[in-house]
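Please look over the fold below.

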Amino acid sequence: YAVDLFDEVTARGLSERLVRVLERVAADPDVRVSEIDVLGEGERSRVVERWNETAVPVVSGSLAGLFEAQVGRSPDAVAVIGGDRRWSYGELDAAADRVACGLVARGVGRGDLVGVLLERSVDLVAVLLGVAKAGAGFVPVDPAYPVERIAYMLRDSAPALVVSSAGTGPLVPEGTPSWVFDPTTDPATDPGPDLDPGVVERAGLDDVAYVIYTSGSTGRPKGVV
């Protein structure tokens, strides 16, 4: 063997595996390749069992709840960057709360789906989290999709509301409930005394977090919950 590439232990292990495969094939020439075990019993135990003993306890919680817990741990840390805009976790949380209040004011609640038809920006992140805070599930729709695909996704998912911008609003099919979201001017982004997100019925672990659509390369796109 090439001593500059392998040490003796590695070379011996490779040769042992080769002999193991040859013996198996010689004993049964019709054996399928997928049925031949290359690894020895000790190796298999080490690779499959010992190396994979990585289980750790994971705290369960909803998307909104886990995000808010992180806000509590590091409110001043940078959470999202978009262009020249940088939001801390505290700022993102406040923006998401305002979105949640706007959604609740428009009748969105636990168990609903909300279409999100927005350009990529820090505001998009706030809207997605705001949907979760309202107890609903979001359906992300890329504005760059063909108009027919956008219409199909929104018709198929039947959201209670579609959040769009001034630029993407015209892409929302006629008759679909929508909110043209402008974080700088829309008065509904002001929570007000009667729209406290703390009283919103929060989503549970068995509720829908979001619906993502497949590419549709083998047929119509399918929504995956």
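## Aromatic pairs

Phe67 counts as buried, because its relative accessibility is 11%. Buried means under 20% relative accessible area, exposed means over 50%, and partly exposed lies in between, with a 1.4 Å probe and protein chains only. The model is predicted: local features need pLDDT of at least 70, side-chain atom pairs count only at pLDDT 80 or more, and totals for chains, interfaces and linings use all residues. Residues are numbered from 1 along each chain as its sequence is written, and side-chain values use heavy atoms, with hydrogens and water left out.

How many aromatic pairs does a search of the whole structure find? It finds 3. Rings of Phe, Tyr and Trp (its six-membered ring) pair if their centres lie within 6.5 Å; planes under 30 degrees apart count as stacked, over 60 as edge-to-face and the rest as tilted. The ring centres of Phe67 and Tyr89 are 6.1 Å apart and the planes make 40 degrees, so this pair is tilted. It joins distant parts of the chain: Phe67 sits in helix α3 (residues 63-73) and Tyr89 in helix α4, 22 residues apart. Helices (H or I, at least four residues) and strands (E, at least two) are DSSP runs, numbered from the N terminus.

Trp179 and Phe181 make an edge-to-face pair, with 5.2 Å between centres and 85 degrees between planes. Trp179 is buried at 2% relative accessible area. Phe181 is buried at 9%.

## Charges over rings

Arg106 lies over the face of Trp179, 4.0 Å from the ring centre. Arg149 lies over the face of Tyr145, at 4.5 Å. A charge sits over a ring if NZ of Lys or CZ of Arg is within 6 Å of the ring centre and within 35 degrees of the ring normal.

## The sheet

Four strands form an open sheet in the order β4-β3-β5-β6, with parallel pairing. β4 (137-140) and β6 (178-180) are the edge strands; each has a single partner strand, so one side of each has no neighbour in the sheet. Neighbouring strands are turned by 25 degrees against each other on average, direction ignored. Axes are lines fitted to C-alpha atoms, for helices over the stretch in contact, and angles run from 0 to 180 degrees between N-to-C directions.

β3 (residues 113-117) and β4 pair in the parallel sense over 4 bridges. Two strands pair if DSSP finds at least two bridges between them. Val114 has Phe138 of β4 as its bridge partner, and Val116 has Pro140. In β3, 5 of its 5 residues are buried. Leu113, Gly115 and Leu117 point one way from the strand, while Val114 and Val116 point the other way. In a regular strand the side chains alternate between the two faces of the sheet.

Contact means heavy atoms within 4.5 Å.

The buried residues of α6 are Arg149, Ile150, Tyr152, Met153, Leu154 and Ser157. They pack against β3, β4, β5 and β7 (212-213). Just after α6, Ala158 takes a positive phi of about 50 degrees.

## Nonpolar cores

The largest nonpolar core has 17 residues; Leu103, Val114, Val116, Val127, Val131 and Val163 touch the most other members. α4 (89-105), β3, α5 and β5 each supply at least two of its residues. Apart from it lies another core of 12 residues, including Leu113, Leu117, Val139 and Val211. A nonpolar core is a set of buried Ala, Val, Leu, Ile, Met, Phe, Trp, Tyr and Cys residues joined through side-chain atoms within 4.5 Å.

Asp123 lies in helix α5. Its relative accessibility is 14%, so Asp123 counts as buried. Leaving aside neighbours within four places in sequence, Asp123 contacts Arg85, Trp87, Phe181 and Pro183.

Asp142 sits in the loop between β4 and α6. Asp142 is partly exposed, at 35% relative accessible area. With neighbours within four places in sequence left aside, Asp142 contacts Leu117 and Ile150. Asp142 and Val116 are 26 residues apart in sequence and 8.4 Å apart in space, C-alpha to C-alpha.
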